[in-house]
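Please keep the sequence and the 3D view open as you read.

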Amino acid sequence: MEIKKVGVVGCGLMGSGIAQVCAQAGYQVVVSEANEELLKKGLGSIDSFLANSVKKGRVTQEDKDALISRIKGTIDFKDFADCNLVIEAVVENIDLKKKIFAQLDEICPDDAILASNTSCLSVIDIANATSRPEKVLGLHFFNPVPLMKLLEIVKSIATSDETIEAGKEFGKAVGKTTIIAPDIPGFIVNRLLMPFMHGALRMLESGYATKEDIDTGVKLGLGHPMGPITLADLIGLDTDLFIANAIYDELKETQYAPPTILKKMVAAGWWGRKTGKGFYDYNKK
Ligand SMILES: NC(=O)c1ccc[n+]([C@@H]2O[C@H](COP(=O)([O-])OP(=O)(O)OC[C@H]3O[C@@H](n4cnc5c(N)ncnc54)[C@H](O)[C@@H]3O)[C@@H](O)[C@H]2O)c1
């Protein structure tokens with residue numbers, strides 16, 4: 001099946017980036033939000049990213065205008081009725097995701113592929129909310145989507161080989177390198193990242209080292225583009241906590257249990273870059 005039109009559910013941090021890279025690859029895109037205000041904000045973030053790219057000479061004004069014209073915003077799921085692929089990118093909540101997949105299953109064509117950008121939740125649990133589990137897979141993009149090269153394709157026990165092939169082709173079309181990940185909590189990347197990030201947060205909360213020294217140590221000593229505490233802020237501490245809890249609930253391994261400092265920061269509403277304050281203060285920068 002040829003993918004011509006892509007739907008994206010949620011136009012937050014990830015959904016806006018996914019909509020952008022799909023439009024950049026030439027697909028017609030429909031992106032939805034929970035209400036008009038959030039939709040305006042999400043579409044605005046795509047516009048700002050591209051305006052900045054034009055300023056830096058990476059994209060021409062004509063290309064930006066053409067790309068934007070391929071993205072249609074909506075708050076009505078019925079607009080996904082003619083999509084060949086729909087990628088869900090709402091918050092990391094299994095009940096909400098299942099509800100959305102059941103709705104998409106009703107609305108989308110029978111041969112449409114339904115994907116979740118979930119960071120760690122069970123793809124088969126989400127797929128079982130539909131009548132087409134063989135056409136459901138994980139398409140796990142990384143943040144910021146326009147810049148990060150990886151796309152983790154998650155194969156549940158029910159995902160067909162045909163769906164995986166379509167996922168690989170789609171990944172190539174949007175300029176990503178794909179890897180096939182198992183449907184286990186955290187897949188490949190977050191399964192490895194979480195214990196590492198938690199180690200950094202526990203070192204910080206124990207007072208052994210400053211956040212700046214931990215981040216500089218990892219950047220310069222391990223050659224990472226950013227330290228784990230900066231990365232936690234970038235991902236969003238609310239999302240980090242969701243991921244940690246989801247993996248811990250399944251595995252009960254202490255390395256995945258969220259550190260107290262992460263729970264306290266989330267409770268305080270300090271969710272990182274997206275709220276202006278996390279472990280670092282972004283209002284000052
Ligand atoms: N933040 C990251 O670094 C990252 C990386 C990879 C994957 N993910 C995953 O991507 C998903 C989205 O994460 P995010 O960081 O973009 O979160 P976010 O909070 O920035 O965006 C989620 C958006 O979904 C919208 N939404 C909620 N209910 C909706 C509905 N019924 N219909 C349409 N939109 C709705 C919200 O209004 C919000 O704007 C999560 O599953 C997360 O685990 C996140």
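This is a predicted model: local features need pLDDT of at least 70, side-chain atom pairs count only at pLDDT 80 or more; totals for chains, interfaces and linings use all residues.

Where the domains touch, domain 1 contributes 7 residues and domain 2 contributes 11 residues. On the domain 1 side of that contact you will find 3 nonpolar, 2 polar and 2 charged residues.

## Around the ligand

Which residues are closest to the ligand? They are G10, G12, M14, S119 and N143, in a shell of 26 residues that surround the ligand. Two elements give two or more residues to this shell: α1 and β6 (136–141). Helix α1 has the largest share, with 3 residues.

By class, the shell around the ligand holds 13 nonpolar, 11 polar and 2 charged residues. Where does the ligand shell lie relative to domain 1 and domain 2? Both domains give residues to the shell, so it lies between them.

A quick reminder before the helices: two packed helices are described by the angle between their axes and the distance between the axes. Helix α1 (residues 13–24) packs on helix α2 (residues 36–55) at an angle of about 55°, and their axes are 9 Å apart. At that angle α1 and α2 are therefore oblique to each other, and the crossing of α1 past α2 is right-handed. The contact brings G15, S16, A19 and Q20 of α1 to G42, S45, I46 and F49 of α2. Its residues are 3 nonpolar and 5 polar, with no charged ones.

Helix α2 also packs against helix α3 (residues 61–69): their axes come within 9 Å and cross at roughly 165°. Because of that angle, α2 is roughly antiparallel to α3. Here, too, the crossing is right-handed, with α2 passing α3. From α2 come D47, L50 and V54, and from α3 come Q61, K64, L67 and I68. By class, the contact of α2 with α3 has 4 nonpolar, 1 polar and 2 charged residues.

Now look at helix α7 (residues 189–205) and helix α9 (residues 228–235), which pack at an angle of about 110° with their axes 9 Å apart. That angle makes α7 roughly perpendicular to α9. The crossing of α7 past α9 is left-handed.

What does each helix bring to the contact? Helix α7 brings F196, M197, A200 and L204, while α9 brings P228, I229, L231 and A232. This contact of α7 with α9 has 8 nonpolar residues, with no polar and no charged ones.

## Two backbone details

Most residues other than glycine have a negative phi, and most peptide bonds are trans. Against that background, two spots deserve a look. The peptide bond from N143 to P144 is cis, with omega near 0°. P144 sits in the loop between β6 and β7 (150–155), and N143 is among the residues closest to the ligand.

The other spot is F187, a residue other than glycine whose phi is positive, near 55°. You can find F187 in the loop between β8 (177–182) and α7.

Note on methods:
Residues are numbered from 1 along each chain as its sequence is written. Two residues are in contact if their C-beta atoms, placed from the backbone, lie within 7 Å. Ala, Val, Leu, Ile, Met, Phe, Trp, Tyr, Cys and Pro count as nonpolar, Asp, Glu, Lys and Arg as charged, and the others, Gly among them, as polar. Axes are lines fitted to C-alpha atoms, for helices over the stretch in contact, and angles run from 0 to 180 degrees between N-to-C directions. Helices (H or I, at least four residues) and strands (E, at least two) are DSSP runs, numbered from the N terminus. Angles under 35 degrees count as roughly parallel, over 145 as roughly antiparallel, 65 to 115 as roughly perpendicular and the rest as oblique. A crossing is left-handed if the near helix is turned anticlockwise from the far one by less than a right angle, and right-handed if clockwise. A residue is near a molecule or strand if its C-beta atom, placed from the backbone, lies within 6 Å of it. Domain bounds come from an automatic or database domain assignment.
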